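Here is a quick walk through one chain and its side-chain pairings. Have the sequence and the 3D view open as you read.

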Amino acid sequence: MAGRDRKPGRGAGSKSVGRRDATVRVRTAKGRKPSSTRWLQRQLNDPYVAAAAKHGYRSRAAWKLIEIDDRFGLLRRGAVVLDLGAAPGGWTQVAAQRAPGGRVVAVDRAGMEPVAGAESRLLDLDDPAATEALTGELAGAVDLVLSDMAIAATGHRGTDQIRNQRLAELAFELALGVLRPGGGFVVKAFHGGGAAAFTAALKRAFAELRSFKPAASRAQSAELYFVARGFRGSGQR
């Protein structure tokens with residue numbers, strides 16, 4: 001886009017992720033469950049895991065935000081960014097690289113190692129006092145809210161959908177309280193579990209809403225991301 005600042009880390013864009021030519025086979029070791037063996041084999045053959053290690057990102061999830069930003073151009077020089085569910089810090093790293101001169105606030109209930117160029121907050125968004133504190137500190141000052149939050153799956157599809165949808169709604173409620181007019185919101189969502197009502201609420205609050213599944217999302221995953229731009233103001237719900 002003409003007039004945009006060149007983003008640090010652009011050389012580590014999503015197109016730089018290659019594919020492995022040969023599949024690494026993992027034998028089931030004594031004492032290791034077959035499910036653990038399958039997970040290890042998947043990790044060893046995942047090009048995004050390898051690319052994350054190569055470029056110094058803490059998780060393969062960093063590539064999801066890189067793809068989203070390459071597609072939609074959300075992170076800009078000087079931007080104030082709130083990263084929810086930030087641990088272990090892959091998205092925080094990307095945000096700090098691509099919004100130089102700005103402010104990146106990373107929030108998670110789990111601790112994580114500091115990220116250069118970012119601030120960390122050890123907060124549980126299930127605690128109303130935590131959300132009130134964030135809203136009081138950042139009200140109307142945030143350019144972009146990011147949420148890659150997801151629950152630890154129970155294996156029961158209906159339960160997992162409901163719980164994941166609740167996380168998306170928590171992120172949305174917080175975004176309403178901290179975004180400046182015109183700001184953006186990226187949130188992980190899953191098919192089902194009240195997504196229709198959630199989508200309608202996003203459309204009321206933002207001028208533009210798109211859904212996007214990055215190539216870095218695993219093929220078998222039901223996850224997608226809502227990318228909302230043009231926040232209409234805190235009175236919109």
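## Around Ser147

Leaving aside residues up to four places away in sequence, Ser147 touches Leu84, Trp91, Ala171, Val186, Val187 and Lys188, where a contact means heavy atoms within 4.5 Å. Ser147 sits in strand β4 (residues 142-147). At 1% relative accessibility, Ser147 is buried; buried means under 20% relative accessible area, exposed means over 50%, and partly exposed is in between (1.4 Å probe, protein chains only).

Before going further, some ground rules. This is a predicted model, in which local features need pLDDT of at least 70 and side-chain atom pairs count only at pLDDT 80 or more, while totals for chains, interfaces and linings use all residues. Residues are numbered from 1 along each chain as its sequence is written, and side-chain values use heavy atoms, with hydrogens and water left out.

## The chain as a whole

The chain has seven helices and seven strands. Helices (H or I, at least four residues) and strands (E, at least two) are DSSP runs, numbered from the N terminus. Read from the N terminus on, the order is α-α-α-β-α-β-β-α-β-α-β-α-β-β. Of the 237 residues in the chain, 46% are buried. Take the contacts between residues at least 6 apart in sequence: 63% of them join residues at least 24 apart.

## Salt bridges

Side chains of opposite charge can pair when their charged atoms come close. The rule used here asks for a side-chain nitrogen of Lys or Arg within 4 Å of a carboxyl oxygen of Asp or Glu, and the count comes to 12 salt bridges.

| Pair | N to O distance | Relative accessible area |
|---|---|---|
| Asp69 and Arg98 | 2.9 Å | Asp69 1%, Arg98 1% |
| Arg103 and Glu119 | 2.8 Å | Arg103 27%, Glu119 27% |
| Arg121 and Glu137 | 2.7 Å | Arg121 23%, Glu137 36% |

What does the salt bridge between Asp69 and Arg98 tie together? Asp69 lies in helix α3 (residues 62-72) and Arg98 in helix α4 (residues 90-98), so this pair joins parts that are 29 residues apart in sequence. Asp69 is buried, and Arg98 is buried too.

Now for Arg103 and Glu119, which also form a salt bridge. This pair links distant parts of the chain, with Arg103 in strand β2 (residues 103-108) and Glu119 in strand β3 (residues 118-122), 16 residues apart. Arg103 counts as partly exposed, and so does Glu119.

Arg121 is partly exposed, as is Glu137.

There is also a network of salt bridges, linking Lys64, Asp148, Lys188 and Glu223. Lys188 is one of the residues that Ser147 touches.

## How α3 and α4 pack

Back to the two helices that carry Asp69 and Arg98. Helices α3 and α4 pack at an angle of about 40°, with their axes 7 Å apart. The axes are lines fitted to C-alpha atoms, for helices over the stretch in contact, and angles run from 0 to 180 degrees between N-to-C directions. The two helices are therefore oblique to each other; angles under 35 degrees count as roughly parallel, over 145 as roughly antiparallel, 65 to 115 as roughly perpendicular and the rest as oblique.

Which residues make the contact between α3 and α4? On the α3 side they are Ala62, Lys64, Leu65, Ile66, Ile68, Asp69 and Asp70, and on the α4 side Gly90, Trp91, Val94, Ala95 and Arg98.

## Aromatic rings

A search of the whole structure finds eight aromatic pairs. Rings of Phe, Tyr and Trp (its six-membered ring) pair if their centres lie within 6.5 Å; planes under 30 degrees apart count as stacked, over 60 as edge-to-face and the rest as tilted. The rings of Trp91 and Tyr225 have centres 5.7 Å apart and planes at 35°, so this pair is tilted. Trp91 belongs to helix α4 and Tyr225 to strand β7 (residues 223-231), 134 residues apart. Trp91 is buried at 3% relative accessible area, and Tyr225 is buried at 0%.

Phe172, Phe185, Phe198, Phe206, Phe226 and Phe231 form one aromatic cluster. Phe172 is in helix α6 (residues 157-178) and is buried, with a relative accessible area of 5%. Not counting residues up to four places away in sequence, Phe172 touches Phe185, Phe198, Ala201, Leu202, Ala205 and Phe206.
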